[in-house]
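Colleague: I am new to this structure and would like to understand its aromatic rings. May I put some questions to you?

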Amino acid sequence: MNSNQSHIVLGIETSCDETGLALYDTRKGILAEVLSSQIEVHAAYGGVVPEIASRDHASKISPLFGQVLSDANICFGDISLIAYTRGPGLAGALMVGAAFAQGLAWHSNKPLLGINHLEAHLLSPMMSITDLSFPYVGMLISGGHTQIFHVEGLGNYKLLGETKDDAIGEAFDKTAKLLGLGYPGGPAVSKMAKEFSPEVHPITYLPKPMLHSPDLDMSFSGIKTAVKNSIKKIGKPLTQDQKISIAKSFEDACTEVVVEKIRKSCVQTGLTKFVITGGVSANSNIRKKARLLAEKNKWQDFFPDNHLCTDNGSMIAHAAALHLVDGKINKCSVAPQPLVLPRWPLTNLNHD
């Protein structure tokens, strides 16, 4: 495949609870993208149920494929490369996307490429920010992952730090449940935190674990536990003002940890650019405080477009397109083994 020519890449994402497909042109960018969220499906359970997620992917993926072709006004024959999320993620959910992608590849004899979900997130701001270049510090914050990387170049990622317990998005979900809010917890807690006024609401003091540790690791389980203990100490149903206070304090504690670890990462690596991506990167408080950090130090900060923060097919297609254009992928197989890697670390990236 000639990487100097314009090629259209199909991206398929089914790692957890979003079924996303997109078509990406290596010269024109995103041609079309479709997404089916399972938030309502899992809301009754307060979290993702893997078997339900897999079944929903299986029922949605084929119609979405037809829709994305129609939206882009192209035919299947125009596609040059089929890319899918190979890992990490839920094994059953990953298999749905992988099997669908492999079926398309077998049918058409088109090349197939498995993409690392974490890599796709770290590269996603490049879809809309043309002046973002390597190297940079990349922080991935989502419901399943909280990690900081030194993004040295395409396919070259060094882990700097990670959470020792809950992912930040998981902590948001658990805190939302403690406050009697809906699922997913991130948007619910953030919405409530915006109602905070220091003149009206009491202040809830929460810890900020590992904030001053010399390393770049993090911990969020303790903040969530402190929320639980604060509620228990009150000893009666929370008033709305108390809920608002706890939500604001929780969000601020998590934000301070994230921003401080980014600061330390830039100082330790000597880099002056950082990217924050993943579902929790849509949080307006985190974006605001991170931008203040960048302004204070005359650094550059980058975020994906809001609709590209959560899992989506565009980031999978885009990552595959970058590897294609870069020319580092010399061969793409219609049957990579193993087909999926539910625990695929980004530091051991291998597309063969």
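Colleague: Which residue lies over the face of Phe76?

Modeller: Please note that this is a predicted model. A charge counts as sitting over a ring when, among other conditions, NZ of Lys or CZ of Arg is within 6 Å of the ring centre. At 5.4 Å from the ring centre of Phe76, the residue over the face is Lys110.

Colleague: Which residues are linked with Phe76 into a cluster by ring pairs?

Modeller: Phe76 belongs to a cluster held together by ring pairs.

Colleague: Is the pair of Phe134 and Tyr136 stacked or edge-to-face?

Modeller: The structure holds four aromatic pairs. In the pair of Phe134 and Tyr136, the ring centres are 5.8 Å apart and the planes meet at 10 degrees. Planes under 30 degrees apart count as stacked, so this pair is stacked.

Colleague: Is Tyr136 buried or exposed?

Modeller: Buried means under 20% relative accessible area. Phe134, at 30%, counts as partly exposed. Tyr136 has a relative accessible area of 0%, so Tyr136 is buried.

Colleague: How many residues apart are Phe172 and Phe250?

Modeller: These two form an edge-to-face pair, 4.9 Å centre to centre with 85 degrees between the planes. The pair links distant parts of the chain, with Phe172 in helix 5 and Phe250 in helix 8. Phe172 is buried at 3% relative accessible area, and Phe250 is buried at 0%.

Technical notes. Residues numbered from 1 in each chain as written. Predicted model: local features only at pLDDT ≥ 70, side-chain atom pairs only at ≥ 80, totals over all residues. Heavy atoms only, no water. Phe/Tyr/Trp six-rings, centres within 6.5 Å; stacked < 30°, edge-to-face > 60°. Buried < 20%, exposed > 50% of the residue type's maximum accessible area, 1.4 Å probe, protein only. Helix = DSSP H or I, 4+ residues; strand = E, 2+ residues; numbered from the N terminus. Lys NZ or Arg CZ within 6 Å of the ring centre and 35° of its normal.
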